[in-house]
Amino acid sequence: MADEEKLLIRLKDGQINAIEKAIEIYTPYIATVLYNMVGNILPREDIEEIVSDVFISLWKNAEYIDLKKGTLRSYLAATARNFALKRLNRKRDYTPLEDVNLPDEKSSAQFDSYGTFLWDAVMKLGEPDNEIFVRYYKYDEKLKDISRTMGLNLSTVKTKLSRGKLKLKKILSDKEALL
Amino acid sequence: MSRKRNLLEELDITNHTDSGKSPLDIDIQKIKDTVKKSVESKDSERKVVMKSKLKWTSFIAAAVLCVCVITLNTVPEAAYALSDVPIVKNIVKVVTFGRYEMNENGYSADIKTPKIEGLLDEELQDRLNKEFKDNADALIAAYENDVKELKEEFGDETIHMGVESDYIVRTDNDRILSLDVYIFNVAGSSSTKHTFYNIDKKENKLLSLEDLFKEGADYITPVSAYIKERMKYENENNDGLYWIDDEFSESFEEIAPNQNFYINDKNELVICFDKYEVAAGAQGCPEFVIPKDVIGDIYKGV
């Protein structure tokens, strides 16, 4: 049986170390989802709060989650998007419209380093490649763990990393040329 | 945050650095602390569940201790002789002695107390019956106390908390009476605690797991090895949910010297586990029939 099911059963049973395990496993994924959606609009502190809210919600609602209706990953992604939307709406309520950066108006210089450039480029690799990069380079996860958590073959993970790097080089050199 | 891997370096981009402060750099420990603080706080909806569960667990632990203090009975000579007379063989029976029921605003209890009749060794019989009654009384007292405390804390709010205790006769033949007394708790999720009583009608004694084996024999190792093998097989072939070689949970290592068991009609040993003891809750209370060839040399049976 899948690890996801086992974890959910332990969550339903109210085991506190199960929620810790869920946080370890799914934070990089939720961070990737949120970065794609609001990474250039909301500061990191807001995103951290959303991630916490997602897991608190998972703990409270574990009893009602039915894996026949969808994976735990998809449930968490949907919850994260909902919380992010709420946060955006709340922000818009008392921020003058011209101060809000909508996703299509994003400027790469918004963050404090070249890192934004780089990670925006990583996001362009699409799923699941971007998550592999986030897990490997941002969270220092082992290739074996990435393959297990994401349900991919180890060789697939390796291939995606090496091909992704080639693509990134191209994207970044094109971008440098524009500047 | 210091990292072993640096994507920029690997891409041969050396004139820039990644600050590590992007929204992708979530501090996992910080999330854990925030979430734990929130779920453990008073307003968390799961609180009720955790609280009552803890209490039941400690109560059950106390009940288990009670069971352990029963000492094995030596059989009086006269009783032993009488037991060979055919007419007394099957008069040992189990009846429901008492029943406590309650159902109110989400709280529910249904506690049945068994009573054994017809054992030749009346001293053993009285002791067992007293234990059944004492356990039921303690269960009722603990339940009433929990209800009282939850009502004080939550007033008229509907709290789903319940306890059910009943018994099942697993085996009843000429030789063996195996009685399974269980406590089923519902507090958010459910848990079940079984206590097995295996009575050798001929010898008029309560059997321990050790009694089934030759004196001093190591039965834990072969029985545990067989169970582990079965668990692995079930996990791989039949959607088993056993916690074995699993990074998320503590793996099953070996049975306890006084592990729950009963003897089935074929005089085979059946090892039993409580819910959550060795597997996910959905697996229920797992049982393993131990084939005689696994323990052939050391198994005496009855």
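The expected span of a helix is 1.5 Å times one less than its number of residues. Helices (H or I, at least four residues) and strands (E, at least two) are DSSP runs, numbered from the N terminus. This is a predicted model, where local features need pLDDT of at least 70, side-chain atom pairs count only at pLDDT 80 or more, and totals for chains, interfaces and linings use all residues. Residues are numbered from 1 along each chain as its sequence is written, chains are lettered from A and ligands numbered from 1 in the order in which they are written, and side-chain values use heavy atoms, with hydrogens and water left out.

Start with helix 6 of chain B, residues 220-237. It has 18 residues. From first C-alpha to last it reaches 25 Å, close to the expected 26 Å. Its buried residues (under 20% relative accessible area with a 1.4 Å probe, protein chains only) include I220(B), Y226(B) and M231(B). The buried residues of helix 6 of chain B pack against strand 8 (269-272), strand 9 (287-290) and helix 7 (292-295) of chain B. After helix 6 of chain B comes D239(B), with a positive phi near 55°.

Now turn to the strands. Strand 2 (residues 107-117) and strand 3 (residues 161-172) of chain B run parallel, joined by 5 bridges; pairing takes at least two bridges found by DSSP. Y107(B) has M161(B) as its bridge partner in strand 3 of chain B. Between strand 2 and strand 3 of chain B, the chain passes through helix 5 of chain B, and this β-α-β crossover is left-handed.

Helix 5 of chain B (residues 122-154) holds N129(B). N129(B) is buried, at 13% relative accessible area. Beyond its neighbours within four places in sequence, N129(B) is in contact (heavy atoms within 4.5 Å) with P114(B), K115(B) and I116(B).

Conventions:
Buried < 20%, exposed > 50% of the residue type's maximum accessible area, 1.4 Å probe, protein only. Right-handed = clockwise from strand over helix to strand, strands pointing away.
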